[in-house]
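Subject: Structure for you to look at

Hello,

Here is the structure I said I would pass on.

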Protein chains: 2
Amino acid sequence: MIASDGEFDFIARHLRPLAAGHPAALDLGDDAALLEPAPGTQLVIAKDALVEGVHFLAHDPAELIAKKLLRVNLSDLAAMGATPLGYLMALARPKALTPEWLARFVTGLAEDQALYGLALLGGDTVGTPGPLTLSVTMLGEVPRGQALRRSGARVGDDLYVSGTLGDAALGLKVLQGRLSVSMTASDYLIERYRLPEPRIALGLALRGLAHAAIDVSDGLVADLGHIAERSGVGAELWAERLPLSAATARLRGALEAALTGGDDYELLFTAHPEQRPAVEAVARELDLPISLIGRIDASQTVRVLDSHGQTLPIASAGWQHF
Amino acid sequence: MIASDGEFDFIARHLRPLAAGHPAALDLGDDAALLEPAPGTQLVIAKDALVEGVHFLAHDPAELIAKKLLRVNLSDLAAMGATPLGYLMALARPKALTPEWLARFVTGLAEDQALYGLALLGGDTVGTPGPLTLSVTMLGEVPRGQALRRSGARVGDDLYVSGTLGDAALGLKVLQGRLSVSMTASDYLIERYRLPEPRIALGLALRGLAHAAIDVSDGLVADLGHIAERSGVGAELWAERLPLSAATARLRGALEAALTGGDDYELLFTAHPEQRPAVEAVARELDLPISLIGRIDASQTVRVLDSHGQTLPIASAGWQHF
């Protein structure tokens with residue numbers, strides 16, 4: 001429970017309100033949270049960590065760091081088709097962190113809690129001589145047997161992705177001063193990097209429709225590789241069909257960013273070709289672009305094809321955080 | 001899921017075996033774990049973080065750091081009367097960490113998984129420019145409504161603690177070179193600091209018997225304060241009744257260590273005086289000393305009394321990690 005290091009005042013003042021009203025949190029007053037999932041449901045549990053200087057930059061706004069922390073974990077739930085319930089948080093804070101910074105961080109948590117229907121259920125705060133290190137355990141629920149998995153892709157499936165690709169990787173380059181773009185494009189790309197939109201509603205809509213799903217966090221090719229490996233299949237990606245934002249489309253390196261840039265947090269999923277009308281209906285209903293970008297095959301490899309059907313070399317199949 | 005930073009080889013080789021056999025882990029191959037608690041049970045969820053240089057020392061053996069990581073979280077489950085199920089782990093590792101160190105760390109996890117019936121269900125591995133930072137989310141279950149809480153203490157309750165107090169705090173002093181003791185005492189005290197024993201079996205036995213419980217992690221007086229605060233009561237502690245090990249009893253500062261030293265991970269609990277025979281039976285059955293050390297009263301304060309009933313001044317009511 002959130003109680004180490006004698007930080008009782010900080011907890012009472014800032015964190016307890018984040019737990020208010022959720023019975024599982026026990027008012028952050030016990031050793032652990034106590035949660036009873038609804039009958040017939042399975043609990044979905046994701047745990048992702050963010051480190052200053054690795055996953056976010058020291059001068060990123062505190063509110064946005066808080067939101068990104070929740071959202072990368074919510075994106076894991078979206079990829080499983082789960083409804084979010086609440087979260088536990090571990091916060092290792094350097095001495096230099098000010099009360100003002102923490103207050104803004106808590107404001108960011110509170111805003112996204114309201115947006116996604118979450119409560120803080122427990123966790124731990126500790127000191128660290130190192131960089132700010134955050135970890136969230138996000139809990140969600142899904143009706144028994146209906147979770148989306150990476151392992152369900154079948155040969156012949158259509159391959160889809162939501163939203164646009166590559167924006168976050170280019171936004172990071174802008175923040176690092178490695179890419180110059182117009183002010184408008186800069187704002188857009190940086191926001192895509194700092195404030196991903198977990199596709200919760202899409203994940204829910206894909207239950208019973210998609211055969212396999214994953215969120216694009218390591219990069220399109222790498223994450224498609226995870227689906228291929230877990231499903232025992234291969235895939236071809238159609239380069240000219242990859243969805244690019246207006247800001248990204250005009251930049252040099254757009255295709256590479258779309259293929260290998262991480263942090264987009266869009267959903268990549270496969271479905272039977274007969275489901276095309278159903279997928280199109282979901283896109284309309286959610287007002288979210290969903291693009292058909294390739295096909296699952298039996299090749300056991302992931303290949304990127306140009307508009308002539310020729311295989312493109314992929315510079316980097318994986319993606320490293322900076 | 002355990003998959004960041006392209007550490008796929010490390011995961012496959014070292015971590016996947018820790019998940020083997022548990023259906024909730026999905027072979028660490030999906031975005032999240034998928035767990036279905038047994039009907040009629042509540043899930044108990046604890047999350048504690050450990051930081052190198054704060055909660056353990058850089059040269060502590062890797063196996064013992066792994067075990068302490070699991071055990072401090074298991075101790076939270078014990079305090080709630082829960083049966084452990086499994087855990088998720090976030091590991092932020094500095095570049096200097098060697099594969100050999102990690103292999104020994106995984107060995108420690110595997111040994112305690114076998115001892116406590118656990119499986120690794122998911123998590124995240126990331127790089128960090130700072131110290132090794134570990135966080136575990138421990139999952140357990142308890143029959144609905146039977147969880148032990150901090151808030152149930154009643155005026156007139158007996159106050160008990162398991163095992164002995166102060167050993168861990170003195171063991172840390174020995175490790176820091178701030179205390180000289182005999183070789184035998186040194187080994188004992190250091191082991192008590194490095195390798196706490198979560199009182200899982202005691203927690204289970206106290207369901208329906210104890211009114212309130214907590215594990216002693218911040219120090220006896222501080223943790224009793226948590227019970228008093230959550231229960232709206234006060235308490236008196238009888239200094240001469242505090243259980244001290246042979247090694248601790250002969251040391252200067254033993255009483256202060258027992259009252260305010262942290263990291264003992266014994267269970268502190270209250271029960272109706274009519275339950276004395278039942279508590280004694282539990283102690284015999286588990287072959288674990290349980291000492292009657294005080295009484296719950298209506299004073300709204302925690303006081304320490306000497307053998308003449310005089311209030312002792314307490315040097316420090318809280319406890320800071322070093």
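**Helix α2 of chain B**

α2(B) has 19 residues and spans 28 Å from its first C-alpha to its last, close to the 27 Å expected at 1.5 Å a residue. The expected span is 1.5 Å times one less than the number of residues in the helix. Helices here are DSSP runs of H or I with at least four residues, strands are runs of E with at least two, and both are numbered from the N terminus. Of the 19 residues of α2(B), 18 are buried, so this helix is largely enclosed by the rest of the structure. A residue is called buried if 20 or more other C-beta atoms lie within 10 Å of its own, exposed if 12 or fewer do, and partly exposed in between, with the C-beta atoms placed from the backbone. Just after α2(B), B:G81 has a positive phi of about 75 degrees.

**What kind of model this is**

This is a predicted model, in which local features need pLDDT of at least 70 and side-chain atom pairs count only at pLDDT 80 or more, while totals for chains, interfaces and linings use all residues. Residues are numbered from 1 along each chain as its sequence is written, and chains are lettered from A and ligands numbered from 1 in the order in which they are written.

The pLDDT is the predictor's confidence in each residue, from 0 to 100. Its average over chain A is 92, and 94% of the residues score at least 70. Residues 1–6 of chain A fall below 50, and this stretch has 24 contacts in the model beyond near neighbours in sequence. Residues 316–322 of chain A also stay under 50, with 20 contacts beyond four places in sequence. Two residues are in contact if their C-beta atoms, placed from the backbone, lie within 7 Å. For the complex, the predictor gives an ipTM of 0.90 and a pTM of 0.92.

**How the two chains sit together**

The contact takes 54 residues from chain B and 53 residues from chain A. On the side of chain B that touches chain A, β2(B) gives the most, with 9 residues. By class, that side of chain B has 25 nonpolar, 16 polar and 13 charged residues. Here Ala, Val, Leu, Ile, Met, Phe, Trp, Tyr, Cys and Pro count as nonpolar, Asp, Glu, Lys and Arg as charged, and the others, Gly among them, as polar.

Strands also pair across the two chains: β2 (residues 41–51) of chain A runs antiparallel to β1(B), with 3 bridges joining them. One bridge partner of note is B:A33 in β1(B), which is paired with A:I45. Two strands are said to pair if DSSP finds at least two bridges between them.

**Inside chain A**

Chain A has an open sheet of 7 strands in the order β7-β9-β6-β10-β8-β11-β12, with mixed pairing. Its edge strands, each pairing on one side only, are β7 (212–215) and β12 (311–312). β7(A) pairs with β9 (residues 267–271) of chain A in the antiparallel sense over 4 bridges, and A:A213 has A:F269 in β9(A) as its bridge partner.

Helix α4 (residues 167–175) of chain A has 8 of its 9 residues buried. The cover over these buried residues includes α5 (183–194), α8 (246–249) and α9 (254–260) of chain A.

- A:S75 is in helix α2 (residues 62–80) of chain A. A:S75 counts as buried, with 28 C-beta neighbours inside 10 Å. Beyond four places in sequence, A:S75 touches A:P196, A:P198, A:D215, A:S217 and A:Y265.
- A:E52 is in the loop between β2 and α2 of chain A. A:E52 is buried, with 22 other C-beta atoms within 10 Å. A:E52 and A:P131 are 79 residues apart in sequence but 5.7 Å apart in space, C-alpha to C-alpha.

Regards
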